[in-house]
Amino acid sequence: MSDNKSNKPGTPKDTHYAKLRRAHRDQKAGGTPAFRARQPVPPGEAPTEGLVRLYGLHTVRAALDNRRRKINKMLVTRNAAERLAIGDLAALPFKTELVEPKDIDKITGSDAVHQGVLIEAEPLKPKRLDALGDTRLVLVLDQVTDPHNVGAILRSAVAFGAGALITTARHSPQESGVLAKSASGALEHIDQIEVKNLADALGQLHEAGFQTIGLDSDGPAELEKTFAGDKIALVLGAEGKGLRQKTRETVATLARLDMPGAIRSLNVSNAAAVSLYAARKFLANSE
């Protein structure tokens with residue numbers, strides 16, 4: 001009786017011959033078939049006026065936990081619902097649909113890293129400057145328009161305990177999925193204040209006891225050597241343009257980050273993180 005074990009499907013011998021057969025077929029057909037990349041899906045229609053779409057696990061989890069956030073609808077995959085620890089979708093106080101990732105792709109576009117969850121919600125209402133509260137550290141943006149940068153700045157601001165992010169009503173990005181995803185949940189954890197005139201707002205910060213420090217690569221002093229008092233407002237300008245002239249004239253101090261390397265400037269979101277760390281350390285040591 002012959003031993004046929006070596007000819008059973010799945011053995012190394014069988015796999016070897018299968019590869020040879022495939023190679024022979026490919027050669028007769030003119031070579032190995034070319035790889036076909038998946039066609040990108042463009043974003044769908046914009047949300048209904050008065051609503052924003054937010055996506056990503058951290059972003060949505062933070063929105064769900066924020067009592068101020070009014071959510072109208074959620075699209076979520078089974079896997080994302082498990083990762084968000086949502087046991088009963090029907091128990092949520094808003095409409096929820098269990099979908100496939102491609103269904104969300106049709107709304108956000110395939111380039112958006114939605115991680116299987118999207119919500120439609122009302123944007124958070126910005127606060128007034130006179131509602132600043134008793135925080136000792138704030139961040140002020142002078143017409144920083146890139147939502148990726150503003151989102152990353154929000155994340156750093158929350159991480160280092162800043163009490164508010166102050167922006168201008170014009171020339172600043174509105175709340176959006178891109179901004180919120182870059183903020184990774186930080187959007188829900190910090191007061192955002194909109195002002196019409198930044199110079200006037202800086203004057204109000206002075207009256208409230210804040211030392212306003214404008215970050216400038218050509219600032220006359222190193223940032224760490226300019227800190228004084230017990231309230232700090234760090235002011236950062238837009239990519240490329242930096243601080244506007246009026247802002248430079250209005251801040252109490254212009255300072256630079258000391259960078260001994262060949263590159264003398266940082267992306268605005270990186271500069272914000274470094275500046276916040278230095279300011280937080282100073283404030284902690286001065287308590």
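**Close-up 1. Ser-172 in the loop between β6 and α6 of the predicted model.** Ser-172 is buried, because its relative accessible area of 15% falls under 20%. A polar atom of the Ser-172 side chain sits 2.9 Å from the backbone oxygen of Thr-168. Beyond its neighbours within four places in sequence, Ser-172 makes contact with Val-144 and Thr-167.

**Close-up 2. Pro-173 and its contacts.** Pro-173 belongs to the loop that links β6 (164–168) and α6 (177–183). Neighbours within four places in sequence aside, Pro-173 touches Val-144, Thr-145, Asp-146, Pro-147, Val-150 and Leu-179. Gly-151 is 22 residues from Pro-173 along the chain, and their C-alpha atoms are 9.7 Å apart.

**Close-up 3. The open sheet of seven strands.** The strand order is β7-β6-β5-β10-β8-β11-β9, with parallel pairing.

**Close-up 4. Pairing of β5 with β6.** Strand β5 (residues 137–142) runs parallel to β6, and three bridges join them. Val-138 has Ala-164 of β6 as its bridge partner.

**Close-up 5. Helices α7 and α9 across the strands.** Helix α7 (residues 198–207) lies across β5, β6, β7, β8 (211–215) and β10 (232–237). Its direction is at about 165° to β5. Helix α9 (residues 268–285) lies across β5, β8 and β10. Helix α9 runs at about 165° to β10.

Key: Residues are numbered from 1 along each chain as its sequence is written. This is a predicted model: local features need pLDDT of at least 70, side-chain atom pairs count only at pLDDT 80 or more; totals for chains, interfaces and linings use all residues. Side-chain values use heavy atoms; hydrogens and water are left out. Helices (H or I, at least four residues) and strands (E, at least two) are DSSP runs, numbered from the N terminus. Contact means heavy atoms within 4.5 Å. Buried means under 20% relative accessible area, exposed over 50%, partly exposed in between (1.4 Å probe, protein chains only). A polar contact is a pair of N or O atoms within 3.5 Å; within protein, one must be able to donate a hydrogen and the other to accept it, and residues adjacent in sequence count only if both atoms are side-chain atoms. Two strands pair if DSSP finds at least two bridges between them. Axes are lines fitted to C-alpha atoms, for helices over the stretch in contact, and angles run from 0 to 180 degrees between N-to-C directions.
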